[in-house]
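Student: I would like to learn how to read sheets, helix packing and a ligand shell in a model. Could we work through one together, feature by feature?

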Amino acid sequence: MISESKQLKINFTSENLFRIVASNYNRFTEYENYYSTEDTKNWYSEWDFKNYNPNIYSHGFHQYPAKFIPQLARKILRVFTDENSVVLDNFSGSGTTLIECLLLNRKKVIGIELNPFACFMAKVKTTPIEPNKLREYFLEIAYNYADKNIVYDEQVFYNINFWFKKETITQLSKLKSMILKIEDENIKNFFLLSLSEVIRRVSLTNHSGFKLCRDKNKITEDFNPNVLEEFRKVSSRNINLMSQFFDKVKNSKTEIKIIEGDSRIKQEIEDNSIDFILTSPPYGDSRTTVAYGQFSRLSWQWINNNNKIYSLDEELLGGKNNVDFNNEIIEYSPILKEQLEEIKTKCTKRAKDVLSFYIDLYKTLKNAHDYLKSDKYFVLVTGNRTVKNVFLRTDIIISELSATLGFKTEKILYRNIINKRMPAKNSPTNEKGVLCDTILKENIIFLRKL
Ligand SMILES: C[S@@+](CC[C@H](N)C(=O)[O-])C[C@H]1O[C@@H](n2cnc3c(N)ncnc32)[C@H](O)[C@@H]1O
């Protein structure tokens with residue numbers, strides 16, 4: 001149970017924060033095509049972004065689980081940063097914060113991300129390319145693909161025949177070989193990312209969740225996808241998105257650095273050098289929340305032939321649960337202590353899973369604190385999830401843990417998740433058949449380094 005005073009403590013309104021911040025940052029005048037005139041009326045209180053298209057610019061190139069709504073990232077970046085800001089996203093995923101910094105022409109943005117496929121995606125999505133060049137290359141790929149005598153390497157990796165039909169493997173292999181002939185690295189990567197989206201469409205997988213599983217309905221003779229046709233659709237959509245993106249960022253001077261690394265470990269970022277951090281850590285460990293590794297596995301095997309992606313989910317936050325209950329962070333957060341006790345009475349192993357996640361998260365908070373300049377803000381978008389029927393207050397746990405590091409929680413806002421891609425149901429007890437709604441609200445936590 002959470003005491004009433006704790007609940008009251010977080011009962012702010014969004015208007016209050018933005019009144020305070022707006023008095024310091026007086027630049028709410030540009031809305032571009034993110035905000036129509038109608039929208040601006042609600043700008044101060046709008047956090048759900050129900051009627052907004054998240055797939056604008058390069059944001060729409062490829063799916064990724066639990067992506068930021070670009071409009072949400074943009075709104076926060078507008079408030080807390082300016083053209084001279086150095087921004088960090090220490091769980092940068094598919095690169096939403098990076099793209100938004102580029103669109104806003106911020107001085108520098110750094111992303112830290114452990115998933116190599118997500119880093120690849122972020123790189124492609126932040127590399128503007130002249131769209132007409134892409135159109136020419138697309139025609140060349142399609143022309144070469146039609147050649148009956150083309151020489152190509154048939155793709156092989158463990159269990160490939162389980163996930164793809166034989167004919168699909170042949171078509172994908174041909175297409176990949178044609179893309180690999182492109183010498184320009186950026187153009188090649190652009191089409192490899194389009195190929196990845198095609199791989200998802202033509203595989204035998206079921207896309208209702210983020211765990212890899214086969215779709216029974218596709219293992220029939222009727223499922224015979226046309227790879228080139230799918231590639232045409234995805235490439236044409238992505239080239240149009242690139243066209244909008246290219247126009248906006250061709251003069252942008254933003255320096256972008258993507259570190260493929262672990263946020264728990266200190267990276268090559270100087271202490272006290274960052275003006276603002278915006279991030280969205282995982283909501284829990286990959287086993288029981290979003291399996292980023294499983295989501296990325298087939299794409300990365302096709303693009304990179306790298307089997308290391310198999311163990312990725314264990315490497316992510318909370319992936320290893322060999323922890324003991326004497327860990328110091330339990331004393332830093334009374335809510336965590338109380339909630340862990342409750343879960344422990346039901347299942348010690350699950351309590352360890354939960355503790356392991358928060359121990360890892362604490363390490364990342366500590367590093368973020370070191371990187372950030374004093375008096376600057378750190379904004380986290382997270383979700384409270386249910387484990388063994390205990391509704392874990394990640395919002396308050398973060399607030400309590402970060403206080404011990406020298407952060408002050410200025411505010412916590414709550415938003416409804418309308419269009420984030422998440423499975424609609426999960427299993428809070430891990431019992432077969434017992435499902436409940438997954439996280440339907442997100443917390444936006446505003447911390448300030450004292
Ligand atoms: C909620 S997603 C971030 C999505 C991102 N905001 C976007 O718009 O695409 C969380 C990300 O954290 C990454 N991650 C998990 N553990 C990590 C760690 N220890 N170090 C760096 N990244 C990690 C996951 O791979 C995942 O991409």
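Student: In which crossing, right-handed or left-handed, does α7 pass α10?

Tutor: Before answering, please keep in mind that this is a predicted model. With that said, α7 passes α10 in a right-handed crossing. Helix α7 spans residues 131–146 and helix α10 spans residues 185–202, and the two pack at an angle of about 65° with their axes 11 Å apart. That angle makes α7 roughly perpendicular to α10, because angles of 65 to 115 degrees are counted in that class.

Student: Which residues of α7 and α10 meet?

Tutor: On the α7 side, Lys 133, Leu 134, Tyr 137 and Ile 141 take part, and they meet Ile 187, Phe 190 and Phe 191 of α10. Sorted by class, this contact holds 6 nonpolar residues, no polar ones and 1 charged residue.

Student: At what angle do α9 and α11 cross?

Tutor: The axes of helix α9 (residues 166–180) and helix α11 (residues 227–249) cross at roughly 50° and come within 9 Å. That makes α9 oblique to α11. From α9, the residues Thr 168, Gln 171, Leu 172 and Leu 175 meet Val 227, Leu 228 and Phe 231 from α11, and the classes in this contact are 5 nonpolar, 2 polar and no charged.

Student: How are α6 and α12 oriented, and how far apart are their axes?

Tutor: Helix α6 (residues 116–125) packs against helix α12 (residues 292–304) at an angle of about 70°, and their axes are 9 Å apart. The two helices are therefore roughly perpendicular to each other. Pro 116, Phe 117, Ala 118 and Phe 120 of α6 meet Ser 296, Ser 299, Trp 300 and Ile 303 of α12, a contact that divides into 6 nonpolar, 2 polar and no charged residues.

Student: Turning to the sheet, in what order do the strands lie?

Tutor: The general idea is that strands of a sheet pair through backbone hydrogen bonds, in either a parallel or an antiparallel manner. Here 7 strands form an open sheet with mixed pairing, in the order β3-β2-β1-β4-β5-β11-β8. Its edge strands are β3 (255–260) and β8 (407–416), each of which pairs on one side only. On average, and with direction ignored, neighbouring strands of this sheet are turned by 15° against each other.

Student: Where in this sheet can I see parallel pairing, and where antiparallel?

Tutor: Strand β4 (residues 274–279) and strand β5 (residues 372–382) run parallel and are joined by 5 bridges. Ile 274 stands opposite Leu 372 in β5, while the bridge partner of Ile 277 in β5 is Phe 378. By contrast, β5 and strand β11 (residues 441–449) run antiparallel and are joined by 6 bridges, with Tyr 377 opposite Arg 448 in β11.

Student: Which strands does helix α16 lie across?

Tutor: Helix α16 (residues 348–371) lies across β1 (86–89), β4, β5, β8 and β11, and it runs at about 145° to β5. Helix α4 (residues 70–80) lies across β4 and β5, running at about 160° to β4.

Student: Finally, which residues come nearest to the ligand?

Tutor: Of the 22 residues around the ligand, those that come nearest are Phe 91, Gly 93, Ser 94, Thr 96 and Ser 263. Taken by class, the shell around the ligand has 12 nonpolar, 6 polar and 4 charged residues.

Note on methods:
Residues numbered from 1 in each chain as written. Predicted model: local features only at pLDDT ≥ 70, side-chain atom pairs only at ≥ 80, totals over all residues. Axes fitted to C-alpha atoms, helices over the stretch in contact; angles between N-to-C directions. Helix = DSSP H or I, 4+ residues; strand = E, 2+ residues; numbered from the N terminus. Parallel < 35°, antiparallel > 145°, perpendicular 65-115°, else oblique. Contact = placed C-beta atoms within 7 Å. Nonpolar A, V, L, I, M, F, W, Y, C, P; charged D, E, K, R; others polar. Pairing = 2+ DSSP bridges. Near = placed C-beta within 6 Å. Left-handed = near helix turned anticlockwise from the far one by under 90°.
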